[in-house]
Amino acid sequence: MVKTKASRLYGVMAQFDNPSTLVAAARETYAAGYRKINGYSPFPIEELSEAIGFTRTGLPLIVLAGGIIGGLGGFFMQYWMEVINYPLNVGGKPFNSWPAFIPITFECIVLCAAFAAVFGMLALNKLPQPYHPVFNAPNFALATRDSFFLVIESKDPKFDHDEARRFLKSLEAREVVDVEL
Amino acid sequence: MAVSVREVGRVEINETGQQTASFEIAHPVYSKLRSPLILGHKSYADVTRDICQLLDPKPGRGWWISFSVSLVLLVIGVVAAVHTVTTGIGTWGLNKTVGWAFGITNFVFWIGIGHAGTFISAILFLFNQKWRTSVNRSAEAMTLIAVMCAGLFPIIHMGRPWLFYWVLPYPNTRGTLWVNFRSPLLWDFFAISTYFTISAVFWYLGLVPDLATARDRTKSKLRQTLYRAMSLGWNGSNRTWSRYETVYTVLAALATPLVLSVHSIVSFDFATSLIPGWHSTIFPPYFVAGAVFSGFAMVMTLMILVRKLMHLEDYITAQHLENMCKVALLTGSIVGLAYVTEIFIGVYSGNPNEIFVIINRGLGPYAWAYWIMFSCNALVPQLFWFKKLRTSIPAIFTLSILINVGMWFERFVIIVTSLHRDFLPSSWAMYTPTITEVGLLVGSFGLFFTAFLIFLRLFPVISINEVKGVLGYAKH
């Protein structure tokens, strides 16, 4: 492998054969003081998030906001159309027939909350993302099959190229490679 | 869906290719008492290979035969639809008394079918039913296609389908005359379009990690471009997974009341009217149970065909089918209870019109349809009490088709027998479908199977990432 300069480096990547060794390695890496670390796996692993110190996400709040906007928007859309903009007597019912507005209000809540959830998730995950440095790693196509990876990013304040490589090698990794930008 | 790491088993797997000499299975084990969900001692690589290779080769003869037959049915439907639209609704057997019949029956039937997918992917997810992972992907696809089939009927029924956007509340030149938000038909429009959107999003979201798997594996240039675009650059990072899991749970929690609301609102189309036989407060739960019931019957029919056609016996096992039979038994019993309740309430009401509807259904000119409905929906599922029948594939297949037939007749009975003899005996009439209406029904099945067969060829039929998560559900 050609040695790359640290400035052109995204990070150092270790490959593991199973989720347990990945989680164990992630715990040790976190304990060693690295913070800009990330795991890559073919399926979600709950312990891994705790291991790399990623426990909080703002998503639920985004969803709540979406639901509130959808609910208010849905109800007052109907209110404005039926009461203010063009009041029409339908079978002698009051203009503000709020119980009849509830089903559509409900559907609007669900629709907006779900869109907030999905688009919020995509935005926080920076998806769609056509290019990502990790794809430069030689075996990385296996990350969607049966291989597990741990990356220490070069942005980490504690990052030192040789030290990080040595550290990851000590963690039962199958292979440790540099990931170029 | 998420895996917790507890135990590491060690099995050597021979793998061709230089990059991966040998891999260990390291499935976390959930329970040593349960039987495994996936048979055949699969490793993660096996799962990827098994599901992805279904996309690779040229489709076999079985697929082409099914596809041609479906396409012929679809063409029949297109001809019938063109005939209806160019000539008018007069080509249908409707009359002044029976203004809703075949079209609305098909609509409610397909919407009902469309309930199983979201039930499996949302409600069973919240109840932590791991067995759903093998069937949720195709059940969700089935839902989407069924809702599309359903949506076509009211649109064709409008007579001038190109004006269907009039049901949208958009600023228009008619004095900005808005749609009537007090009408259940409009609620229906909102409910179904929301349901379709959320189901599509849910299905696509589940598909993204698997499309990334397909992207990293396929050799075809065209497919790689498609999967690359559709997988949005997914790289399986833990932060991504973590937010993905959160969103999946949130969506499941949102879709659960949604799926219950959709058929409730469909039932409001009937329940809020004054027609005896429709004007009934048990309609929402009765419709929802019937929808899940018919949806599961259709999932069972499809899954039995899919596992045979695509050799997925290790993934969709007898246990999966048995579990679905149990859901069908429960919901079928609720439907049966609703039938009996309907009779009791009708008679107990003391209202001569209500009593007449009950008698007319059981003994009138459409009694044959009523008894097909009653036997297929209330009696047939009771056979699932027997484990022998729940675990026999031919028996499940036969019973699931009977249930589908029964559920179609349920909607026919509810709609036609209530309408054809209403309050005024002078306006009583009979309804007979025309060949055009039958053609539309046939065509909707054509559309359903054509679209489903294309789905089977284009996307991973089983959720690869979720199945990997349940490999260690039990010790082999």
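## Salt bridges

A salt bridge is taken here as a side-chain nitrogen of Lys or Arg within 4 Å of a carboxyl oxygen of Asp or Glu. By this rule, 19 salt bridges are counted over all chains. The structure is a predicted model, in which local features need pLDDT of at least 70, side-chain atom pairs count only at pLDDT 80 or more, and totals for chains, interfaces and linings use all residues. Residues are numbered from 1 along each chain as its sequence is written, chains are lettered from A and ligands numbered from 1 in the order in which they are written, and side-chain values use heavy atoms, with hydrogens and water left out.

A network of salt bridges links Lys42(B), Asp46(B), Arg49(B), Asp50(B) and Asp314(B). Within it, Asp50(B) pairs with Lys42(B), their closest N and O atoms being 3.0 Å apart, and with Arg49(B), where the corresponding separation is 3.1 Å. Burial is defined by relative accessible area (buried under 20%, exposed over 50%, partly exposed in between; 1.4 Å probe, protein chains only). Asp50(B) is buried at 12%, as is Lys42(B) at 10%, whereas Arg49(B), at 36%, is partly exposed.

Another salt bridge joins Arg361(B) to Glu342(B), with closest N and O atoms 3.5 Å apart. Arg361(B) belongs to helix H11 (residues 352-363) of chain B and Glu342(B) to helix H10 (residues 318-348) of chain B, so the pair ties together parts 19 residues apart in sequence. Helices (H or I, at least four residues) are DSSP runs, numbered from the N terminus. Both partners are buried.

## Nonpolar cores

A nonpolar core is a set of buried Ala, Val, Leu, Ile, Met, Phe, Trp, Tyr and Cys residues joined through side-chain atoms within 4.5 Å. The largest has 173 residues, and Trp110(B), Phe296(B) and Leu312(B) have the most contacts inside it. Domain 1 (9-55 + 127-180) and domain 2 (59-124) of chain A both contribute residues, so this core lies between them; the domain bounds come from an automatic or database assignment. The C-alpha centres of these two domains of chain A are 43 Å apart.

Contacts (heavy atoms within 4.5 Å) of Phe296(B), not counting residues up to four places away in sequence, include Phe119(B), Trp131(B) and Met324(B). A second, separate core of 14 residues includes Phe101(A), Cys108(A), Trp187(B) and Ile265(B).

## Leu453(B)

Leu453(B) is found in helix H15 (residues 435-458) of chain B and is buried, at 6% relative accessibility. Leaving aside neighbours within four places in sequence, Leu453(B) contacts Trp63(B), Ser66(B), Phe67(B) and Ser70(B).

Note on methods
Helix = DSSP H or I, 4+ residues; strand = E, 2+ residues; numbered from the N terminus.
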